[in-house]
Amino acid sequence: MSSNRAQNRPRRPGVPYPLGATWDGEGVNFALFSENATGVELCLFGGADGNHEEARIEITEQSDQVWHVYLPAIAPGQRYGYRVHGPYDPAAGHRFNAQKLLLDPYAKTIDRPLRWSDALLGYEIGGPDADLNIDRRDNASVMPKSVVVDDAFDWNGDHLLRTAWNETVIYEVHVKGFTWRHPQVPPAMRGTYAGLASPPAIDHLRALGITAVELMPVHQSVSSHVLEERGLTDYWGYNSIGYFAPDLRFSSSGSLGQQVTEFKSMVKALHQAGIEVILDVVYNHTAEGSHLGPTLCFRGIDNLSYYRLQQSNRRLYADFTGCGNTLNMRHPRTLQLVMDSLRYWVLEMHVDGFRFDLAAALARELHDVDRLAAFFDIILQDPVLCQVKLIAEPWDLGEGGYQVGNFPVLWSEWNGKYRDAVRDFWRGADQTLGEFATRFTGSSDLYGPSRRQPHASINFVTCHDGFTLHDLVSYNFKHNDANREENRDGDNHNRSWNCGAEGPTGDPIVNLMRARQKRNFLATLFLSQGVPMLLAGDEIGRTQKGNNNAYCQDNEISWLDWDNVDRELLEFTRHLIRFHQDHPIFRRRRWFQGRPIHGQDVHDIAWFRPSGEEMSEEDWRHGFAKSIGVFLNGDAIPSPGPMGERIVDDSFYLLINAHFEQLAFVLPMRQDCSGWVKVLDTSDGFIQPDSTVLLPGERVNVYARSLVLMRLVVDARRRAATGRDAAKPVAGNPVVLK
């Protein structure tokens with residue numbers, strides 16, 4: 001198998017660990033796992049285009065199913081790839097094809113984007129059984145190459161921020177889309193890691209009050225041939241092929257390996273601004289797709305080990321992701337790949353946590369989702385990963401894949417039930433009041449039984465997948481024609497309401513209602529218990545023109561439009577997040593009493609009808625109920641601060657009216673209450689501090705579909721005179737808080 005060009009090249013046996021290409025200052029150790037291969041060749045490339053094969057080296061050393069060799073005098077910047085020999089027998093699960101150059105699964109840099117060619121297929125094209133016949137064409141000229149990297153970087157004391165969960169505000173953002181149109185970011189930096197780290201970008205995040213950016217996938221990804229044929233691209237990046245390599249799309253430098261340094265510099269700059277970095281990672285499937293997909297990496301290295309195959313027909317893949325394949329998390333080497341990747345991004349790249357795409361697929365042992373799966377057991381025991389933020393997208397597309405609330409300790413989850421309940425409530429759907437109240441208080445029904453706390457709920461109203469906030473209040477139907485799938489793609493059930501007109505309109509009444517609804521959603525998000533997540537651009541009124549599945553739109557549909565910012569909405573969002581951060585009552589670390597929210601003798605929270613009477617069990621069962629008052633007691637926060645100090649906050653009365661008509665709410669009375677001050681009204685926005693003090697028993701008009709927040713003004717003399725615990729109710733007239 002060896003090329004004559006490699007006969008005289010010095011080599012040593014090398015070692016089987018670590019996997020990948022490791023430079024030690026003198027040379028490089030190459031190590032590749034393949035359980036079922038019969039031979040492995042390492043190919044070195046050079047030349048102006050990186051396609052000249054300078055050497056082909058047969059790897060003869062094998063230890064514990066790892067093929068390894070050490071080459072002195074090889075340095076960072078060296079391009080390389082593998083050719084793996086073995087049987088081409090799809091029926092047995094084997095798809096080896098040594099004519100196909102393969103990426104290193106542990107490559108820390110990939111030298112170029114993938115451009116489609118039929119030579120990337122491991123089989124001959126033609127007929128329904130085409131994949132049974134091996135393709136003999138060499139693909140090296142069209143195949144991206146792996147690159148040796150020097151991991152050295154001056155972090156200058158940088159470390160993980162470890163922001164407490166209850167102080168976290170997440171901003172889900174696409175690296176390119178955030179700055180591509182930003183006029184204050186230098187043109188060469190727009191849409192890149194450097195652009196996200198630029199002063200204008202960081203200034204916006206800090207002014208907004210963001211504590212963590214959740215980056216949409218930054219692992220090296222590829223666009224499918226189907227998208228390329230439609231003239232589109234995989235903009236979101238949920239089609240990973242390199243779990244260690246920062247995506248080239250977001251690099252401002254053309255130099256090999258510089259995207260690693262640029263990514264680290266971005267993390268360092270964000271950390272200096274007090275902002276954590278969370279990565280959206282896609283370990284559930286790869287870009288190689290179904291049995292008719294290309295052979296780029298894992299398929300050609302060891303298909304049987306890396307992928308889950310159908311038990312009844314190993315030619316086909318078990319697909320719990322809707323993307324053609326599913327990684328085989330039951331194989332120890334696949335588990336090792338994922339764990340090594342995660343640790344690399346924490347230890348070498350300094351990221352603060354991960355959001356796992358379609359995480360239920362990672363938990364499937366045989367077929368069913370198993371919350372005690374090996375993957376979770378290993379994470380729990382890992383001294384590095386058990387200390388970072390772990391967020392699950394708690395579903396996949398397989399049977400029984402919706403697992404909201406079923407992930408184990410250490411894990412927080414995207415709470416899809418929160419999103420659905422809040423959307424339904426504000427659009428006026430029936431039978432939602434009790435569900436809304438449960439989600440508003442942190443979803444203890446979902447996370448309490450596993451002894452997790454409110455931060456297990458990542459609350460969101462919008463995310464990358466679906467309508468933006470502006471479109472949620474502007475469209476009843478999806479408008480995905482730009483995706484060129486005849487509007488068949490995307491969710492048909494968005495729980496949206498266009499406020500009276502579909503899409504853009506000049507009707508001032510409709511536009512006023514839309515502005516109010518946006519404030520309702522944002523206020524609900526940041527006044528709820530749990531961790532709020534804001535979709536990038538929602539604070540400035542970004543629209544995707546009704547497209548609820550813009551995964552393939554690398555254009556104005558997806559990019560933030562900094563020339564058309566909704567300044568009033570931006571200012572409202574800034575005030576709201578600052579208010580959320582200033583008041584610990586809205587970000588408690590523990591449940592409200594740890595009992596059902598409708599329970600009796602609850603001192604830290606109470607629920608009332610607009611008329612002032614406490615909600616009865618019968619009231620909760622009224623499907624037509626759209627309005628409620630919520631008392632939040634700032635004197636009854638059970639968890640101490642980081643130094644053990646008692647946490648005390650203002651007390652608030654929240655008046656929520658999702659009804660289509662204005663309602664009058666009666667203000668409650670306490671022994672130590674001298675009045676109430678309005679601090680927030682979504683019909684207008686935040687209220688100035690010198691607002692009028694309203695007396696207990698007075699009525700407050702709450703506009704149709706709006707929310708009002710009142711702050712309790714405490715009479716210190718009365719409180720001292722009673723000597724009562726302020727967390728407990730006292731008799732009074734007209735309303736007694738219980």
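The lining of the second largest pocket, by class, has 10 nonpolar, 2 polar and 6 charged residues. That is 18 residues lining the pocket, around a space of about 370 Å³. Keep in mind that this is a predicted model. Nearest the centre of the pocket lie Pro-18, Leu-19, Lys-108, Phe-244 and Tyr-344. Two elements give two or more residues to this lining: strand 1, residues 20-23, and helix 7, residues 332-347.

Next, the cysteines. How many disulfides does the structure hold? The count is 0. Take Cys-43: the closest cysteine sulfur belongs to Cys-297 and is 14 Å away, so the two are too far apart for a bond. Cys-43 has 0% relative accessibility and therefore counts as buried. Cys-499 is in no disulfide either. For Cys-499 the nearest cysteine sulfur is that of Cys-463, 20 Å away. Cys-499 also counts as buried, because its relative accessibility is 8%, and the cut-off for buried is under 20%.

Staying with burial, helix 6 covers residues 298-306 and is mostly covered, with 8 of its 9 residues buried. The buried ones are Phe-298, Arg-299, Gly-300, Ile-301, Asp-302, Asn-303, Ser-305 and Tyr-306.

Now the charged pairs. The count comes to 37 salt bridges, and I will go through a few.

Arg-95 and Asp-131 meet through their side chains, with 2.8 Å from N to O. What does this pair tie together? Arg-95 sits in strand 9, residues 94-95, while Asp-131 is in the loop between strand 10 (109-110) and strand 11 (146-147), so the bridge ties together parts 36 residues apart in sequence. Are these two residues buried or exposed? Arg-95 and Asp-131 are both buried.

Asp-111 pairs with Arg-112, and here the closest N and O atoms are 2.7 Å apart. Both Asp-111 and Arg-112 are buried.

The next salt bridge joins Lys-389 to Glu-276, with the closest N and O atoms 2.8 Å apart. This one links distant parts of the chain. Lys-389 belongs to strand 20, residues 389-392, and Glu-276 to strand 16, residues 276-281, which puts the partners 113 residues apart. Lys-389 and Glu-276 are buried as well.

Terms used:
Residues are numbered from 1 along each chain as its sequence is written. This is a predicted model: local features need pLDDT of at least 70, side-chain atom pairs count only at pLDDT 80 or more; totals for chains, interfaces and linings use all residues. Side-chain values use heavy atoms; hydrogens and water are left out. On a 1 Å grid over the protein atoms alone, a cavity is a set of points where a 1.4 Å probe fits but cannot get out, and a pocket is an open set with protein on both sides within 12 Å along at least five of seven lines; lining residues have an atom within 4 Å of a point. Grid points are joined across faces, edges and corners, and a volume is the space filled by probe spheres set on the points. Helices (H or I, at least four residues) and strands (E, at least two) are DSSP runs, numbered from the N terminus. Ala, Val, Leu, Ile, Met, Phe, Trp, Tyr, Cys and Pro count as nonpolar, Asp, Glu, Lys and Arg as charged, and the others, Gly among them, as polar. A disulfide is a pair of cysteine sulfur atoms within 2.5 Å. Buried means under 20% relative accessible area, exposed over 50%, partly exposed in between (1.4 Å probe, protein chains only). A salt bridge is a side-chain nitrogen of Lys or Arg within 4 Å of a carboxyl oxygen of Asp or Glu.
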